[in-house]
Amino acid sequence: SGAIVRRSTISPGVTVQNGAEVSDSVVLPGARIGRGAVVRRAILDKNVVVPDGALIGVDLALDRARYTVSPGGVVVLGKGVTAL
């Protein structure tokens, strides 16, 4: 409750905490998106954890240093990854 999800596919068993924002993304089963986190143009594989306040898809240069980013700018977090 209290989260915003736009133009995204959210699988069963996903938790999106209060104040989080998910847009233009695919989130697979078991993923957890923490309070106030922002996820944009991303694919989160199974059991990915996005901690409270984390930003995914907001700063692509930073994302490229941490994760896989497609040539089109889609950020991909692999199975079981905990975002930084």
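Two strands count as paired if DSSP finds at least two bridges between them, and the strands themselves are DSSP runs (E, at least two residues), just as helices are runs of H or I with at least four residues, numbered from the N terminus. The model used in these exercises is predicted, so local features need pLDDT of at least 70 and side-chain atom pairs count only at pLDDT 80 or more, while totals for chains, interfaces and linings use all residues. Residues are numbered from 1 along each chain as its sequence is written, and side-chain values use heavy atoms, with hydrogens and water left out.

**Exercise 1. Work out the strand order of the open five-stranded sheet and find which strands stand at its edges.**

Step 1: The order of the open sheet is β2-β5-β8-β12-β11, and its pairing is mixed.
Step 2: β2 (9-10) and β11 (68-69) each have a single partner strand, so one side of each lacks a neighbour in the sheet and these two are the edges.
Step 3: Within the sheet, β8 (residues 42-44) and β12 (residues 75-77) run parallel and are joined by three bridges, with Ala42 placed opposite Val75 of β12.

**Exercise 2. Describe the largest nonpolar core and the surroundings of Val39.**

Step 1: A nonpolar core is a set of buried (under 20% relative accessible area, 1.4 Å probe, protein chains only) Ala, Val, Leu, Ile, Met, Phe, Trp, Tyr and Cys residues joined through side-chain atoms within 4.5 Å.
Step 2: The largest such core has 20 residues, and those with the most contacts inside it are Ile33, Val39, Leu44, Val50, Ile56 and Leu77.
Step 3: Strands β8 and β12 each supply at least two residues of this core.
Step 4: Leaving aside residues up to four places away in sequence, Val39 is in contact (heavy atoms within 4.5 Å) with residues including Ile33, Leu44, Val50 and Ile56.

Key
Buried < 20%, exposed > 50% of the residue type's maximum accessible area, 1.4 Å probe, protein only.
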